[in-house]
Amino acid sequence: MSNSLLLIQLTMLVLAHATFIDQLLDKEWREFTKEHRKNYQDEDVEQLRYMIFNENRIKITEHNRRFANGEVSYKMAINEYSDLMSHEFIEMMTGLSYNEYEEMIAFEEGLTFISPDHVTLPNSVDWRSEGAVTGVKNQKSCGSCWAFSTTGSLEGQHFRKTGKLVSLSEQNLVDCSGSYGNKGCSGGFMTWAFKYIKDNGGIDTEVSYPYKAVNDKCKFNRATIGATVTGFVVLPSGDERKLAEAVATIGPISVGIHVVAGSFQHYHSGIYIEPKCNPKIINHAVLVVGYGSEGGRDFWLVKNSWGSSWGDKGYIKMLRNGNNQCGISSLASYPTV
C-alpha cells in the first residue's frame, strides 16, 4: 500500500471518528436541554452554552477518570448547571452575605450553644429518616441560599416541637426581611432571618407564599403562619465537635460554607474534599441534616438548595473532622421555637 493511500485512509478514519464524537456530543446536548427545559434567546447564545457545556463535560470526564483511579474522593456529573461557567455559577447560585463585622452583628443577640450533659454521640445521624426534613428545594438564579438554610433549620425545630413537618416560605424572607440586613436575591444571613421571624410573629407556609426566585413586595399573611421563633443559638466558630453535638441532639443546623468555583458545581457522589476550600471565605448557606462515616472518612450530610438534579439527589457529603474544611462549622446556628 502506498504512503499516500495510507494517509488518505487514516484521514478518513480520523474524520469518521470526529464525526462520531460530534454526534454523541450533539445527542448529549439535546438530552441535556430537554431534561432541564433549557430555552435560549437566540442561536448565538445557544452556541455559547453548547461550548461551555462541552468544556464542562470534558472536565467532568477527566475528574471521573481520576476518581476511578482513586486519586480523588468524589464523582462529578452533568446537571442543570452544566451550561454555566464557574464564575457565573458562583454569582447566580450562592448568596451568603458575610464578613467579620456582619458576623458580629448577626450573632450578637444569639444564645451560646451549651453541650448537652451525659450524651454519647451516635456514630451516624440522619434527620431525614426521622421525618424532620422537607424535600429538596431550588433557589434558582437568586442568591437566596440564606433563606433556604433558615427555613430548613426552622422546619426541623418546628417538627421536633409539634410532630408536624411544614414547608416554610423562603419568598416571605426574600420579600420582607430587608430591614434586618437581608438583601433578597442579592444575599442575606440566617440569624438576621431568625430575628425577623421572631419579631414578625412568624413566617408563612410555602403553600400560602410560594417561591418566585425574584425580589417582590412583601405579602406576609398572619392568617397563614407556619411556624414561629423565640430566638436563636450560635455554635462556637470552627468547632466540629460542637456541631456534631448540635446535629445529634437538636436537629438540622444552618451553616455557611465556601463553595469553590468549578468542583462544587458538578458534585455527584462520594465525600467532597476540596484543597482549595478556605474556611474564612464563606459564600453559601446550606443545612446539615446528619453525619456519618464512609470508606474510612467522616462526613457531614448536607442538604443544598439547588434542586434534586444537583449532587446526590440534592445532597452532598462533605468532609467531617477535616480541620473545618470549607468552613462548615464557622457560622453554624439554629432557631429556638
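Is Gly-231 buried or exposed? That was my opening entry, and I took it to the predicted model. Gly-231 comes out buried, with a relative accessible area of 13%.

**Entry 1: around Gly-231**

I placed Gly-231 in strand β6, which runs over residues 231–234. Next I listed what Gly-231 touches, leaving aside neighbours within four places in sequence: Lys-198, Pro-335 and Thr-336. I also checked a distance to Asp-199. Gly-231 and Asp-199 are 32 residues apart in sequence, and their C-alpha atoms are 9.4 Å apart in space.

I found Thr-336 in strand β12. Not counting residues up to four places away in sequence, Thr-336 touches Val-229, Thr-230, Gly-231, Phe-232 and Val-233. With Thr-230 there is also a polar contact, side chain to side chain, at 2.8 Å.

**Entry 2: Ser-333 in β12**

I stayed with β12, residues 333–336, where Ser-333 lies. Why does Ser-333 count as buried? Its relative accessibility is 1%, and buried means under 20%, so Ser-333 counts as buried. I then looked up its contacts beyond four places in sequence. Among them are Met-190, Thr-191 and Phe-194. Val-233, Val-234 and Leu-235 are in contact with Ser-333 too, and I noted Ile-253 and Ser-254 as well.

**Entry 3: helix α2**

How many residues does α2 have? I read 26. From its first C-alpha to its last, α2 reaches 37 Å, close to the 38 Å expected at 1.5 Å a residue. At the start of α2, I saw a side-chain oxygen of Asp-42 reach to within 3.1 Å of the backbone nitrogen of Asp-44. After α2 comes Gly-70, with a positive phi near 75°.

Then I wrote down the buried residues of α2. They include Arg-49, Tyr-50, Ile-52, Phe-53 and Asn-54. Asn-56, Arg-57, Ile-60, His-63 and Asn-64 are buried too. A reminder to myself on reading such a list: an α-helix has 3.6 residues a turn, so residues three or four places apart point the same way.

**Entry 4: helix α3**

I moved on to α3, residues 86–93, and found Glu-88, Phe-89, Ile-90 and Met-93 buried. What covers them? The cover includes α2 and β9. Gly-95 follows α3, and its phi is positive, near 140°.

**Entry 5: the largest pocket**

Which residues lie nearest the centre of the largest pocket? I noted Lys-59, Met-76, Gly-262, Ser-263 and His-266, out of 16 lining residues. The elements giving two or more residues to this lining are α2 (43–68) and β1 (74–76). The largest share, seven residues, comes from α2. I put the volume down as about 300 Å³. By class, the pocket lining has six nonpolar, seven polar and three charged residues.

**Entry 6: the cavity**

My search of the whole structure turned up one cavity of 30 Å³ or more. The space in the largest cavity is about 90 Å³. Its lining has 15 residues, and Phe-148, Ser-149, Lys-303, Asn-304 and Ser-305 lie nearest the centre. Which elements each supply at least two lining residues? They are α5 (145–162) and β9 (284–294). The largest share of the cavity lining, six residues, is from α5. I sorted the cavity lining into five nonpolar, six polar and four charged residues.

I looked up Ala-213 for its backbone angle. Its phi is positive, about 65°, although Ala-213 is not a glycine. Ala-213 sits in the loop between β4 (203–204) and β5 (225–227), and it is buried, with a relative accessible area of 12%.

Lys-313 also went into the notebook for a positive phi in a residue other than glycine, near 60°. I found Lys-313 in the loop between β10 (297–303) and β11 (315–319). Lys-313 is exposed, with a relative accessible area of 67%.

Where does Ser-179 lie? It is in the loop between α6 (170–176) and α7 (190–200). Ser-179 is exposed, with a relative accessible area of 70%. I checked its distance to Glu-55, 124 residues apart along the chain, and the C-alpha atoms are separated by 42 Å.

Key:
Residues numbered from 1 in each chain as written. Predicted model: local features only at pLDDT ≥ 70, side-chain atom pairs only at ≥ 80, totals over all residues. Heavy atoms only, no water. 1 Å grid on protein atoms, 1.4 Å probe; cavity = no way out; pocket = protein on both sides within 12 Å on 5 of 7 lines; lining within 4 Å. Points joined across faces, edges and corners; volume = space filled by probe spheres on them. Helix = DSSP H or I, 4+ residues; strand = E, 2+ residues; numbered from the N terminus. Nonpolar A, V, L, I, M, F, W, Y, C, P; charged D, E, K, R; others polar. Buried < 20%, exposed > 50% of the residue type's maximum accessible area, 1.4 Å probe, protein only. Contact = heavy atoms within 4.5 Å. Expected span 1.5 Å × (residues − 1). Polar contact = N/O pair within 3.5 Å; in protein donor to acceptor, adjacent residues only side chain to side chain.
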